[in-house]
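This report describes the overall form of a protein chain and then turns to selected local features. Please keep the sequence and the structure in view while reading.

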Amino acid sequence: MVARYVVSPRGGRRAHPDITSALRAAGARGRPALIEIAPGRYEEALVVRGDVQLVAAEGPGSVVVGLPRGTVLDASGAVRVHGLTLVGREADVVACHAGTLTLDHTEVWAHNGVAVHARPHSTVTLRDGLIAHGRALFAGGAGLVERCRFTDAADNAIAVIEGARVSVRGSRIEGSRIHGLRVSDAHAELVGCELTGTGQAALWADARARLVVTDCVITAVHAEGIMFTEQSRGSVDTTRVTGARHGIGASSGADPVVRGCVLADCRDTGINVQTAARGRFEDCQVLGSGNIAVFATKGGAPEVHGGRIAGGNVGIAVTESSRGRFTGIAVEDLTNAALRVFDDSGATFEQVRVDRCQSGLEARGDGGTTAEVTDTVFRDCEMAAVAIGGQSRVTLRNVTAEHGMLGFGVSDEAQLRVTDSVVTAVSSAGAGALGSGRLIARNLTVNGSGAFGVYGTGSAYLNVTRSEFTDCATAGASFDEEAGGQLLDCTVNGTRGAAVVGNGRVETTGLRTSLKVLRHAEKPAGPPQQVINIFNGPVFNGPTRDIQVAWGNENVIQNRQRTEGDDSRS
């Protein structure tokens, strides 16, 4: 049976003048106790042992217990607090050493200290309360946080460490100076929570922690919305991050699973995987990223399946010895490249659809830079659907390119293999090789090119087999300068232009066409030769002289030297 005690500074029949005296009386009897506290401010340090309930008699906010400094509530046993406001400084305002502690409709104000400290072997429940300025620290114990508000924490609003297990549900965390929640070598779960205005990552998992996030909203974060690092694991489901620097990040061997999330208006990247981290991302949307929607760098290796990338600058970028697999993704309306693979990195793209981007796939780097693209469509890219350079190696299978300037282009010492692919209605060429690039094409179809079906220039090598070029304005195939190779069992259809304009260095075998085959010297006069610009350099459509051009440089110095008799002004 529960013994009832009344606390009232104004006195009364059998009333205790302060909370401490009521606790002392309850402890002497050794029975479960209910202590009802009249409204007022009590400057006391409460040491509660055993099975005790502390209740504000006239409801939440009517009782304030505080000290200038030191612990206000020290609990062990089975302690329940309802409706009190606890105020402290420079110490643990509430400490639970063992047993269970429940704070219900309770406010804890911590100035320069910890608001609630759950120590090893304790279980602390916070329900329908407020934690202001300080943090809730769960070290080695267990915790449940329901429908609470955390505001203006001096560092982390919630810290879960040393093997603790904590669940946070339906709560709001705002204005934390560091993280909204940090979990380190422990387990934390968040469901239906809102986090905003944190100084660093809203949610941070490190030291092999496990973090599970479901149905949360994260806004206005100065760093990452959610960050997994140091081999941490976990999952993020149906969560929205808006206005962070990075939406979701993984580093240092972390490996999260992220499903059905929306990462919107991130200032730098939506998904950021680096330093040997991995991660699986399913059916996510990355909208309006300031720099890169999905970024794998410094050895990162994500897998991204399904979802949509729309708006922003670059879609997917894999750089600095990273790897990635990307399937079933729609990429739309970007101001730069949809896909990039640079610098000794490798990527596989399957069933990707790219619409209305400046360019489709760009690959550039040494011989370790590779990309495989399968069952993919590029539509309405302003520049090239695929443009590769350096010593990179790219394979295309069943790829479609529609509209834009160039279908598939290779330059420098790169190698491009194209199989069972179609290019339609480009302004310059279906496929081209320049510099020392190598183009190997099988079953390539080009329809309605504004200039060439396929072309080679410089010292490029082309091997084109069983391919068809229809209604190309200038020529089905054109070979210039020192370009060499072979055109084997190909067909050129249509009523305009030539079938082949050769340079004497390309072997043509089994050609089927009703159009003329011309040697290079026989090329008829016509409009100026089209210039294909693969990597956003300048394009000149007429004669030029005495110019200097620089692009892609951070600093450019321009000088003009006048000659005698030159009266022009610079």
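## Burial and basis of the model

A residue is termed buried when its relative accessible area is under 20%, exposed when it is over 50%, and partly exposed in between (1.4 Å probe, protein chains only). By this criterion, 54% of the 570 residues of the chain count as buried.

The model is predicted: local features need pLDDT of at least 70, side-chain atom pairs count only at pLDDT 80 or more, and totals for chains, interfaces and linings use all residues. Residues are numbered from 1 along each chain as its sequence is written, and side-chain values use heavy atoms, with hydrogens and water left out.

## Overall form

One helix and 59 strands make up the secondary structure listed for the chain; helices (H or I, at least four residues) and strands (E, at least two) are DSSP runs, numbered from the N terminus. The C-alpha atoms fill a box of roughly 120 × 60 × 35 Å along the principal axes. The radius of gyration is 34 Å, whereas a compact globule of 570 residues would have a value near 25 Å. This quantity is taken over C-alpha atoms, and the globule rule is 2.2 Å times the number of residues to the power 0.38.

Contact means heavy atoms within 4.5 Å. Among contacts between residues at least 6 apart in sequence, 30% join residues at least 24 apart.

## The helix

Helix 1 spans residues 19-29, and its buried residues are Ile19, Ser21, Ala22, Leu23 and Ala26. The cover over these buried residues includes strand 1 (3-7), strand 3 (33-37) and strand 5 (46-56).

At the N-terminal end, Asp18 caps helix 1, with a side-chain oxygen 3.4 Å from the backbone nitrogen of Thr20; a polar contact is a pair of N or O atoms within 3.5 Å, where within protein one must be able to donate a hydrogen and the other to accept it, and residues adjacent in sequence count only if both atoms are side-chain atoms. Gly30 follows helix 1 and has a positive phi, near 70°.

Ala136 belongs to strand 14 (residues 136-139) and counts as buried because its relative accessibility is 0%. Beyond four places in sequence, Ala136 touches Val116, Leu126, Phe150, Ala157, Ile158 and Ala159. The C-alpha atoms of Ala136 and Ala157 are 6.3 Å apart, although the two residues are 21 apart in sequence.

Asn463 lies in strand 51 (residues 461-465) and counts as buried at 11% relative accessibility. Leaving aside neighbours within four places in sequence, Asn463 contacts Leu439, Ile440, Ala441, Arg442 and Gln486.
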